[in-house]
Structure formats: structure tokens, C-alpha cells
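Hi everyone, thanks for coming.

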Amino acid sequence: MLESSFLFLIEVIGTVAFAISGIRWASIKEFDWFGAYTVGLVTAIGGGTLRDLLLGIPVFWMQTWWYVAVTGIAFAVVVVFRRLLVGSGRMLNIFDTIGLSLFVVIGIQKTLDAEFAMWVAVIMGMITGAFGGVLRDILINQEPIFFRKEVYATACIAGGVVYWIVGQLGGTPIGQGVACAFTVIILRLLATYYHWTLPIIKSE
Amino acid sequence: MLESSFLFLIEVIGTVAFAISGIRWASIKEFDWFGAYTVGLVTAIGGGTLRDLLLGIPVFWMQTWWYVAVTGIAFAVVVVFRRLLVGSGRMLNIFDTIGLSLFVVIGIQKTLDAEFAMWVAVIMGMITGAFGGVLRDILINQEPIFFRKEVYATACIAGGVVYWIVGQLGGTPIGQGVACAFTVIILRLLATYYHWTLPIIKSE
Amino acid sequence: MLESSFLFLIEVIGTVAFAISGIRWASIKEFDWFGAYTVGLVTAIGGGTLRDLLLGIPVFWMQTWWYVAVTGIAFAVVVVFRRLLVGSGRMLNIFDTIGLSLFVVIGIQKTLDAEFAMWVAVIMGMITGAFGGVLRDILINQEPIFFRKEVYATACIAGGVVYWIVGQLGGTPIGQGVACAFTVIILRLLATYYHWTLPIIKSE
């Protein structure tokens, strides 16, 4: 009970962080309020929606109004506390990272629950974490930044691999989830701090 | 019988209007005929397709060849009567608005038939009406104009809320549908006439 | 047995060719390795994924790790043999064309197996062959080139129509598939050689 409340709190924080990131991008593009809310919502729930469609399971955010409401809160925060947010990029990044790590774990567990193979689950963890941002970039008509950003989707994949390894070593699902989340968080923190990037693919 | 024929006629008109709008955008981008037809089809059926995928129900346009054929007619109209269309922007806008209002009603009713909650139906009404245009804009690689346009998606949401209120007041589904459609039409007409827009979200 | 091995080999060749095409586009855009791999994968499996979602059947590439692995091989080829690829545009085009023709046949047969009408199958054959490229173009934020390219999607449609005609004339599914594939290949070869294009749609 306490544990699931804790997970839910983390998921709400992650959703807010992702939504705020989307809404801020929309504000740079000077979208109207509805457009900004939509971009925020797509950023927050887009990855999980794509996952659920691919898995052929009911789309998660249509089962409870929480996600739509939480994105509304994120929107209000951006509109009302706009100036406060300027100085809080660091905090937002931390929220984003925590949310990312949980999204990856959720994506993996839902995929395994739907009886897909582990390698599918690793991909779905990455899609859950990283494709909300890709869909956001498609909506606002820019190249997906995650294709150039510091180790991001790769950190999700690494988290998925750790999830698998811990399971092979006899770890419980909770142990696997915690190890996976920590892997994502630590890799992202290190990558942001040291500006780790993947090699660029060279054209002829 | 008469009633369902009437609804079908409206749906055909709406499909033609949406398809023509897509094909005209494609002509501005100088696509070839096949590309233009595809953009027209996506504009006309894209919103309903996304709705059906999210609801997990069979995709509507794959059940009957009418939609694909009607888009073909719209294409022929644009190619053959190109010059006539120049002066008919106003009439096209009216068709588009009528089609939009019916698409919203259809989206809401299909969602409720699939036993989702009312708030999901309101969102699906909006997606059915407005996301064909979003998918069109993604295909032709421009920022979705509905994020900046006169009250458009918001009018769909307002129509959905009216649908719900009329139901709460004891209205029949037909009454709910009519009230919803009128709300969308009137809001769109007013918004176009007075250039109503939503506030722009400001960036820091 | 021999026959299905042959088909599988063709499918692998087609997947590699499509993936290489996507990865090369990503290299022009200077994406990082992960982004390039993702664009390659989307190019190779995107059309079939959209088809499976629309048909409401399990997504094909999630049933076996072959497609993900084969795309990895395509990626390694581009990174390691980059310079060799410069002079091999012609060979890549031939692989691409062979793969395209098989993708169309697979798309048609899967659709008929799922008990949809023939005209849906023709559309799904085209989507399987041509929409991986459309999704790639959306991801890398450029206008879908197939909307301007030499007869491409149209060749897929023509192949589908031939599949239907041969069936009407009493041909077996294998005969239908072979005739369809040859139609696509020959039309593409002729279109590339003679620079056949569809008419451009004119704007007012």
C-alpha cells in the first residue's frame, strides 16, 4: 500500500516534469494555450501510448483521468509561475530524470505482464521513457533532439539490460526495478554532468 | 432510415471538405497526384483512425470503401475545378465546419459505445474532429496550425461538454448530438468572424 | 521449406536495404549512433507496423528478434563500410526494389489472412512498402519524398491490382504474389530509368 502510493507519487512527478518540458517547448514556438496543453500531454503520455498500441493492450491514460488532470496542473504551473521556472532548470532536470527512470521500469513490467519476450520489454522501456519526447518534437516540427542529446535513450536501454541481468541473477521484480531505475538515473546524471554523447554517424 | 441517410450525407460532405482542405495544402507544397490524394485522405480519416486505434476498435474506413472513394471524388474536384475553388473559400469553410461538428458527435458516440468514460469521449470527439488536420500538418512538415488557429480544437471540446450537460439534464442521445453539433458550428462561425483566438503561451 | 527459406532471405535483404537507406539519411542529418539505428529500424519496419496496428493484429517485429538484429547488421555495414557504400548506390537501389516488392506481397497476404476486403489489402500492400519511408521522413523532419519521387507508392498500388487480377483469372496465391512482385520491380526499374513521375498537383 505504502509502496504503491510511493510509486504513484513518483509517476505523478514524472508526468508533471515531462508535461512541463513539453509546454515550455510549445511556449518557445508561441503556440496557444490549447496547443501548449496538447504538446505537454503528448510529451507526458505519448511514449506509454505508443507502447500500449504496440503491445495491443488498453491505453493506460484512458483508464483514469489522473494523467489528463496532472498535465492540467503542469500547464497552470507554467502559466502562473513562469518566472520562477527560469531559475529552476536544474530541479526540473532532476524531476525529469526521476520520471524517466520510473517510466522505463513501468514500460518493462507492462510488457512482461503482456507476456512478450525480455528484449521486447527493453525496447518498450525505452519507448515509454524516450518517445514522448520524440512525438513532441514531431508535433512542434523539429528534429527529435534525443537523436543528438546526451546519452538518453541509450540510458533507458542500459536500464533495461540491468533489469534483465538482475533477474537472471535471481533478483525479485522489485529488486530488478530499483536496479534499473538507479542505472537510468546515474547514467543520465553522469551524462549531463560530463556531457557524454554518442558518436555522430558520419556521412560519406 | 431517413435520419441515418441524412447523417450519412453530412458525413460524406464533411469527408469531402476535409479531403479538399488536405489536397489544397498538398498543392501548395507541389506534391504529385498520389501524394496529394494521400494527404487528402489522411486529413479526412486521420482523426477517426487515431480514435479507433486508441479505443482498440476496428478502424472505420477499412469497413467500407466509401471514404476512400469519396476522397477520390474530392481529388477529382480539386484537379478539374481548380479555378472554381478559388472563389469558394467561404463555402468550403462552411462545409468544413459542418463536417467538423458531425465528426465530433461521431467520435463521442463511438467512444461511449465502446464503454469508455464521458471525459474520454470528449477528448475522442476533439481528436476525431481536429487530429486529421494535425496529421496532415505532420505529413506536409509544417507546425500544426490548429495550435494557433482561431478557436478550433477548443470548439470541439466545448461541443463535447455540451453533449455531456444535455445528457445530465435528461436529453436523448439525438438531442445531445444536435446540441453538440450546434455548439461546435456556432463557436466556429463566431470565432472565424470575430477572429477569436486563445491566448498565446509566453516563454520566459 | 526451400521456398520459405528463399522468401525469408528476400525479406532479410529488403529489411537491410530499407534500414541502410534510413541510416544514410540519418547520417546526412548528423544524428548520433542511436538515432541513426532508430531511423534505420523505423524505415525498415515502420510500414509493416502501421499495417499491423490498422489491421488489429500482433505487430510482426515483436514476435522475433530477427528484424531488430538485422537492422543492427545494416547499421554496422554503414559504419564500417561507409566508403564502399558510396559507389554502390545502384546495388542498394536494386536491393531496395526487391525488398519493396516483397513487402507489398507480404502486406497484401497478411491483410487477406486477417479477412479484410481486397481493396484494403491493396492499400495495406502500399503502406507496408512505402510508409516506412514516410515515417522516416517524419522522424528526420523533412517532407515525405515519396510524394515527389519517381513512381513509387503508385507502383505498389499497381502491384496490388495485378495481384487481384491474377486471382480473378484463377491464379494461385503464389502466382499472384510472383506477378505482383514482378509488377512492382519492373515499374520501379522503368520509372527510375526513364524518370517517370506523376503529375504535380497545381495550386491556384
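Let me start with a question: what share of the interface residues of chain A are also interface residues in chain C? The figure is only 13%, so the copies meet through different surfaces. Before I go on, some housekeeping. This is a predicted model, where local features need pLDDT of at least 70, side-chain atom pairs count only at pLDDT 80 or more, and totals for chains, interfaces and linings use all residues. Residues are numbered from 1 along each chain as its sequence is written, while chains are lettered from A and ligands numbered from 1 in the order in which they are written.

Okay, chains A and C. On the chain A side 23 residues are in contact with 26 residues of chain C, and contact here means that the C-beta atoms, placed from the backbone, lie within 7 Å. Three helices of chain A, namely H2 (33-55), H6 (118-139) and H7 (153-168), each supply at least two residues of the side that touches chain C. When I say helix, I mean a DSSP run of H or I with at least four residues, numbered from the N terminus. H6(A) gives the largest share of that side, 3 residues. Sorted by class, the side of chain A that touches chain C has 13 nonpolar, 6 polar and 4 charged residues. For those classes, Ala, Val, Leu, Ile, Met, Phe, Trp, Tyr, Cys and Pro are nonpolar, Asp, Glu, Lys and Arg are charged, and the others, Gly among them, are polar.

How do these two chains relate? The superposition is by least squares on the C-alpha atoms of residues with pLDDT of at least 70 in both copies.

Now chains B and A. Here the contact takes 23 residues from chain B and 26 from chain A. On the chain B side, H2, H6 and H7 (153-168) each supply at least two residues, and H6(B) has the largest share, 3 residues. Chain B superposes on chain A by a rotation of 120 degrees with 0.0 Å of shift along its axis, at an RMSD of 0.0 Å.

Let's go inside chain B. The axes of H2(B) (residues 33-55) and H6(B) (residues 118-139) come within 7 Å and cross at roughly 130 degrees. That makes H2(B) oblique to H6(B); under 35 degrees would be roughly parallel, over 145 roughly antiparallel, 65 to 115 roughly perpendicular, and the rest is oblique. The axes are lines fitted to C-alpha atoms over the stretch in contact, with angles from 0 to 180 degrees between N-to-C directions. Among the residues making this contact are Val39(B) and Leu50(B) of H2(B), and Phe131(B) and Leu135(B) of H6(B). The contact divides into 12 nonpolar, 8 polar and 2 charged residues.

Last stop: Asn141(B), in the loop between H6 and H7 of chain B. Its phi is near 60 degrees, a positive value in a residue other than glycine.

Technical notes. Contact = placed C-beta atoms within 7 Å.
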